[in-house]
Amino acid sequence: MLEQKIRERRMTLEEFAEYAETFARERGEPGTLSVRHLKRLMAGKGPNGRPLGPLRPATARLLERIFEISADELLGRPGEQPHTGDRERGDTDEAKRLVIDRGLSMSKTDLTDRQMRRSRVGRSRVADALAEYYRADDQLYQVRSAGSVVRTSVCTRADWLDLSCPPAGVHLELAHDAGEPEPSDTEAAAERLAEANALHVRLVEAPLYRLLDVEVNRGSVSGVVGLTSFLNYALSADLLEAELVDHLTANGPTQRDSLPMRDRHLPDLEAVHELNGRLCAGGVLALCAIARPADPYRGPADYALLVQERSDQVVNAARRLSVIPKGFHQPLVDASGETSIGATLLREMEEELFGRGDVDGTAGPHRAAAPMHPSRLSEPMRWLTDGPDRLRMECTGFGFNLVSGNYEFASLIVIEDDEFWARYGGQVEANWETGGMRIYSSLDKELVTQLISDESWCNEGLFAFLQGVRRLREIGGRRVDLPAVEVLRG
């Protein structure tokens, strides 16, 4: 597909490489493309005929911005993988007609403006609106830090927090016939599809876990999940976020009858906890803390805390701050064997931090029988898993995010051995889901305090960050001087 697209522009490889360099420079993209690299990409082979390795995130992002097509499609055969806009299921002629009508009536400028307006609605405003709608002040996760109170939209309980639970302590069993909940509003779904097509948001027909039952205790979590599809979620439960934020941009109160989809599908806290009657998709997200040795310029040994600014191509939390990795709880090839939260965390690290595009849940059909087999791991991940004390993962909290009703497993990833930073710090690079990366020192209390109050956070990202900070203060020793975070009980 890449070769075809270059030919369509009537360019030689030399001309396209020069164009790509100018494009990257003018738009602040770090990716580069040489003629030799282009030939390898088109041939699908690396040096000496070896299989082509994972595409560097910066290169993938550059190609995607130039052609407005995913890198996975560009490296496939023409017609092999459908364009994002062609992944629409269109089960009925009426649905297809609605998508076409919406697409024709939307200008890209108007859609971009609407996306910008949505991103300007502050995190606390969303949390406050949901607290008012559900009358749930005493059930939402809120903390006091540096004299300020911060409330989120995550509905949780005291015994769902500070779990100190290793991934092995989370046992989720797959139910093979979970059924599907009631579909969502056809017109809203059609508009979402047309909008995603115009803005190149990635919507795919990929499997996704939905929670059917859960029991949370300190040190252990058990539950049952079923299967749905990512597209079903994006065209039903996930529509509630846009409805709420669009309503808030018009400055309207979140009263009954002002949010018709929410009134129908998630009207009260009882419905939030009634998991069998709704599509409750899940997120697994973690504060990643990487040990760094002392540095003559930076200062004493610390942890690098990773925070991302989400790109505008993601399904939810676009242009918001979040921890990284942040991903949906979903299988790639083995629905029964990949229910583990730990499996999702490791895979998201490979995808979002170490550049492995072949474990991307939006990349289409997966051909590897064991994508996370030791022989396929990236070099940084292989080094981490080769030593018993190099990597620590814990589930730090659980809750339901009232924005869309999602379940959220907040986690902490700690790379304990600071040799990792010396070896692989330069290879930590976010993928297409991230618009920008930030690093905060675990010794910079003042800057982290300011970060906590930043209105750009998505609520689930802040939930995971705060729970991670609480736990890191307990276990980080001299590498940590972080602000105290006190959970307020209702």
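## Packing of H2 and H3

In this predicted model, helix H2 (residues 13-27) and helix H3 (residues 35-43) have axes that come within 9 Å and cross at roughly 110°. Angles of 65 to 115 degrees count as roughly perpendicular, and H2 and H3 are therefore roughly perpendicular to each other.

On the H2 side, the contact is made by Leu13, Glu14, Phe16 and Ala17; on the H3 side, by Val35, Leu38, Lys39 and Met42. Sorted by class, this contact has 6 nonpolar and 2 charged residues, and no polar ones.

## Largest cavity

The model has 2 cavities of 30 Å³ or more. The largest cavity holds about 460 Å³ of space. Its lining consists of 38 residues, and those nearest its centre are Arg310, Asn316, Ala317, Lys326 and Phe328.

By class, the lining of the largest cavity divides into 14 nonpolar, 11 polar and 13 charged residues.

## Second largest pocket

The second largest pocket contains about 720 Å³ of space. Of the 31 residues that line this pocket, Arg65, Leu199, Ser311, Asp312 and Gln313 lie nearest its centre.

At least two lining residues come from each of helix H4 (57-67), helix H7 (108-120), strand E8 (302-310) and strand E13 (434-441). The lining of the second largest pocket has 13 charged, 12 polar and 6 nonpolar residues.

Note on methods
Residues numbered from 1 in each chain as written. Predicted model: local features only at pLDDT ≥ 70, side-chain atom pairs only at ≥ 80, totals over all residues. Heavy atoms only, no water. Axes fitted to C-alpha atoms, helices over the stretch in contact; angles between N-to-C directions. Helix = DSSP H or I, 4+ residues; strand = E, 2+ residues; numbered from the N terminus. Parallel < 35°, antiparallel > 145°, perpendicular 65-115°, else oblique. Contact = heavy atoms within 4.5 Å. Nonpolar A, V, L, I, M, F, W, Y, C, P; charged D, E, K, R; others polar. 1 Å grid on protein atoms, 1.4 Å probe; cavity = no way out; pocket = protein on both sides within 12 Å on 5 of 7 lines; lining within 4 Å. Points joined across faces, edges and corners; volume = space filled by probe spheres on them.
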